[in-house]
Amino acid sequence: MHRKKIMVTLALSGCVLLGVAAYRPYEQPRKRNLKVLPENISRDSLDAIMDEFKVSLGVKCSFCHAPRATDPSKLDFGSDDKPEKEIARHMMRMTADINKQYFNFKNSDRPDTLRAVTCNTCHHGDAHPEEAGKTEAPANTK
């Protein structure tokens, strides 16, 4: 009888330990403010796209995302306070339109599909490619 009590106690203790180990505290989900990307995009896919933007433009998240009002050391991903965020949305729409119209992106399984235009096509790690390589115009020597 004593052995039965020990086994039941051990089994119950094991269940409690498993329950405690499996518990994840509630994590406040990030406020989403998606206007170009699909609302149901997974967090992993969204993070991968954002990582691609960072590399293509050579920037950090704070380039487009404003700091939180309550804690400026953290970013408010849902905020539209920075104009760069709307510029990024415009660029996303533009590249999607270019890919759809000129690169058979809508039929990407075709063998004659050309490589799609991405942020890196123009930016090459530069947040402002239109300013890259600008030099002073030579003085008129006439």
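Within the protein chain, contacts with a separation of 6 or more include 34% that join residues 24 or more positions apart. The model is a predicted one, and its protein chain contains four helices and two strands, arranged from the N terminus on in the order α-α-β-β-α-α.

The largest pocket holds about 970 Å³ of space and is lined by 42 residues, among which Met-50, Phe-53, Cys-64, His-65 and Ala-88 lie nearest its centre. At least two lining residues of the largest pocket come from each of helix H2 (43-57), helix H3 (83-102) and H4, and H3 gives the most, with nine residues. By class, the lining of the largest pocket comprises 23 nonpolar, six polar and 13 charged residues.

For the second largest pocket, the volume is about 320 Å³, and 15 residues form its lining, with Phe-53, Met-92, Thr-95, Ala-96 and Asn-99 nearest the centre. H2 and H3 are the elements that give two or more residues to this lining, the largest share, five residues, being that of H3. Ten nonpolar, three polar and two charged residues make up the lining of the second largest pocket.

Most residues other than glycine have a negative phi. His-124, in contrast, has a positive phi, near 45°; this residue is found in the segment after helix H4 (119-123) and is exposed, with a relative accessible area of 59%.

Conventions: Residues numbered from 1 in each chain as written. Predicted model: local features only at pLDDT ≥ 70, side-chain atom pairs only at ≥ 80, totals over all residues. Heavy atoms only, no water. Contact = heavy atoms within 4.5 Å. Buried < 20%, exposed > 50% of the residue type's maximum accessible area, 1.4 Å probe, protein only. 1 Å grid on protein atoms, 1.4 Å probe; cavity = no way out; pocket = protein on both sides within 12 Å on 5 of 7 lines; lining within 4 Å. Points joined across faces, edges and corners; volume = space filled by probe spheres on them. Nonpolar A, V, L, I, M, F, W, Y, C, P; charged D, E, K, R; others polar.
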